[in-house]
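Here is a short briefing to read alongside the model. Which way do the strands pair, and where do the charged side chains meet?

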Amino acid sequence: MRRASALVLAAVTFGCDGGDAVCEENLGAQTLDERVMVEVGDATVEAELADEDVERDRGWRKRACDREAILLVLDTPGPLPIWGCDLVAPLDVVGAYEGAVVYVERVEPCAAPCGGCPTVGDGVTVDAVLETPAGALEVAVGDPVRRATP
């Protein structure tokens, strides 16, 4: 079963220590150049796009600095379990299928070794998962999800 660190979509930022301090990102954290705008319920958010296996697998791991969101998009709909291995802070994970939210879960950080880390989204068919900082986005099951028109 493939596991990915949490992904959810939101245009929200959170700081390492607040203020105007420059945050030094962990070298193991992934940063993706391709971005998409996504409408989730009443919110429109900008997210980094993770549409390749390696990008989905790394997700939000080790991120410590201000970030918006990551949208994990699957090639074929199916389950995409998300876990908190190597997270620095909690995430909210929004699973979407056929244009609607199918689950919203909080993922707490879990230290390595990661074999015992709990997962969310097991057995739930999704075509995308949005990872955001915890509390950044108010969304409920059934809310519409779609890519925003540029």
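From the N terminus on, the elements run β-β-β-α-β-β-β-β-β-β-β, which amounts to one helix and 10 strands. Helices (H or I, at least four residues) and strands (E, at least two) are DSSP runs, numbered from the N terminus. This is a predicted model, in which local features need pLDDT of at least 70, side-chain atom pairs count only at pLDDT 80 or more, and totals for chains, interfaces and linings use all residues. Residues are numbered from 1 along each chain as its sequence is written, and side-chain values use heavy atoms, with hydrogens and water left out.

**Overall picture**

- Of the 150 residues, 43% count as buried; here buried means under 20% relative accessible area, exposed means over 50%, and partly exposed lies in between (1.4 Å probe, protein chains only).
- The protein exposes about 7400 Å², and carbon and sulfur atoms supply 48% of that area. Accessible areas come from the Shrake-Rupley method with a 1.4 Å probe, and for residues only the protein chains shown count as cover.
- Take the contacts (heavy atoms within 4.5 Å) between residues at least 6 apart in sequence: 74% of them join residues at least 24 apart.

**Strand pairing around β3**

- Two strands pair if DSSP finds at least two bridges between them. Strand β2 (residues 35–40) and strand β3 (residues 43–50) run antiparallel and are joined by six bridges.
- These two strands form a hairpin with two residues between them, and G41 in the turn has a positive phi of about 60°. V40 stands opposite A43 in β3.
- β3 also pairs with strand β4 (residues 70–78), this time in parallel, through three bridges. A50 stands opposite L72 in β4.
- As background, side chains in a regular strand alternate between the two faces of the sheet.

**Salt bridges on the hairpin**

- A search of the whole structure finds four salt bridges, each being a side-chain nitrogen of Lys or Arg within 4 Å of a carboxyl oxygen of Asp or Glu.
- One of them is between R35 and E46, with the closest N and O atoms 3.9 Å apart. R35 lies in strand β2 and E46 in strand β3, so this pair ties together parts that are 11 residues apart in sequence.
- R35 also meets E48 in a salt bridge, at 4.0 Å from N to O. Because R35 lies in strand β2 and E48 in strand β3, this pair ties together parts that are 13 residues apart in sequence.

- E39 forms a salt bridge with R146, and their closest N and O atoms are 3.0 Å apart. The pair links distant parts of the chain, with E39 in strand β2 and R146 in strand β10 (residues 145–147), 107 residues apart.
- Both ends count as partly exposed: E39 has 23% relative accessibility and R146 has 45%.
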